[in-house]
Amino acid sequence: MPDAVVVGAGPNGLAAAIALARAGRSVRVLEAEPTVGGGSRSAELTLPGFVHDICSAVHPHPLASPFLRQLPLDRHGLELVHPEIPLAHPLDDGTAVLLERSVAATGASIGGVDGRAYERMMDPLVRDTEKLLPAIFGPLRPSRHPLALVRFGALGLLRPVDGLARARFEGPRGRALLAGLAAHSMLRMDERPSAAVALVLALAAHAVGWPVARGGSQRVADALTDHLRSLGGEVETGRRVESVDELGNPRTVMLDVTPRQVLALAGHRLPAVYRRELSRFRYGPGVFKLDWALDGPIPWRAPECTGAGTVHLGGTLEEIAASEAAVVAGRIPERPYVLMAQQSACDPTRAPAGQHTGWAYCHVPSGSPEDMTERIEAQVERFAPGFRDRVVARSAIGPAALEHYNANYIGGDINGGRQDLRQLFTRPAIRPVPYATPDPRLYICSSSTPPGGGVHGMCGYHAAQAALRRS
């Protein structure tokens, strides 16, 4: 029997397994699906030769993660490819605001006094990158660099993004850029810590970029798996676990699942008070996802969007705020904020020669059955007239299908739970060590623990460290 068993082979489960294996523990990972990856998988969803990322698509986190960036993933086949521009945010006047690798270039794209305000806001954060990353990618704990953290917190945690954007910028361009970044949080724009999410994503673009994985996001999970095996770890796919009792008596059990599945798998081993805490865990909105096979590049009205790996479609701060507020209130937005990626712009392996892929999703109420295809495509067409003429095939995946694809996506929630201030550091329950459960052998290592969603592996890493300290 191995020292440790990890249930779930998403990036966090694999990171937990690697951290344990590096400490000399024997490890076995059990994955219910036929392939590893969780939210980092790829498939030919539309037509042969078109490789689509089923969930995660753009990967700043492997370069920013204090743990993943230590690993020799390049030796296991992972190549991260940088687009010409990390992010473009087109506007209705035919221009686009660009989030560039350079803070100064981003400021120039915003323009005028607001551009200079952006530089004054981001330059200190970029200088503090190495001081901030351990705190951003970890649980709440004392920092060795409190002044850097206080500066970040004053900007990102004390007020929501609409307050930060209106205080810093006089015009719509800078405000739109921040709102599009903050909307990744699935929070209202008047909720905290939406501003922190915006600042972290901007910081990542300037510090490490927003690359894609050549050949598909599956390559991230495959590289983690290969590295784990090189350390002696075992990975078994197609092995669904219904109860932790099936696992025998290993020293450590890591669960890369959300609180609902923790209760199903191990509730009988946990005290009633802790079970109640897990049952009160709050999940966030869902997403509706589209993938397209395209017979050519997307015909953006703002030509600078062509070289961007990611494009935010939502117009102004006010429009994005209305869209996200509707979703949080349980309503369908008519003009949804759309997160779009065009991986084939920098990775030609994604599509046959001369053709392209498109990837996009919008937020919807949890479990919504609404087909958002027309609304999403209308938003793309708004900024890229003639887009629909390029579509040769599409794949649509709503919240129910996403949850079927990955049981952690409860109601289509890809963040592992609502990530407002109440659940930012205390997810999934209020405990001194959020990864540990009252059962000394049982740990939670999913994105339902700090720091939350994203392909960074830090939830798994911190859970593994908690287990190593205890045992």
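## Largest cavity

Helix α9 gives the most to the lining of the largest cavity, with 4 residues; helices (H or I, at least four residues) and strands (E, at least two) are DSSP runs, numbered from the N terminus. This is a predicted model, in which local features need pLDDT of at least 70 and side-chain atom pairs count only at pLDDT 80 or more, while totals for chains, interfaces and linings use all residues. Residues are numbered from 1 along each chain as its sequence is written, and side-chain values use heavy atoms, without hydrogens and water.

At least two lining residues come from each of α2 (61–64), α5 (129–136) and α9 (194–207). The lining includes H61, T129, F137 and V200. It divides into 8 nonpolar, 2 polar and no charged residues (Ala, Val, Leu, Ile, Met, Phe, Trp, Tyr, Cys and Pro count as nonpolar, Asp, Glu, Lys and Arg as charged, the others, Gly among them, as polar). The space inside is about 70 Å³.

## Terms for cavities and pockets

On a 1 Å grid over the protein atoms alone, a cavity is a set of points where a 1.4 Å probe fits but cannot get out; a pocket is an open set with protein on both sides within 12 Å along at least five of seven lines; lining residues have an atom within 4 Å of a point. Grid points are joined across faces, edges and corners, and a volume is the space filled by probe spheres set on the points.

The whole structure holds 5 cavities of 30 Å³ or more.
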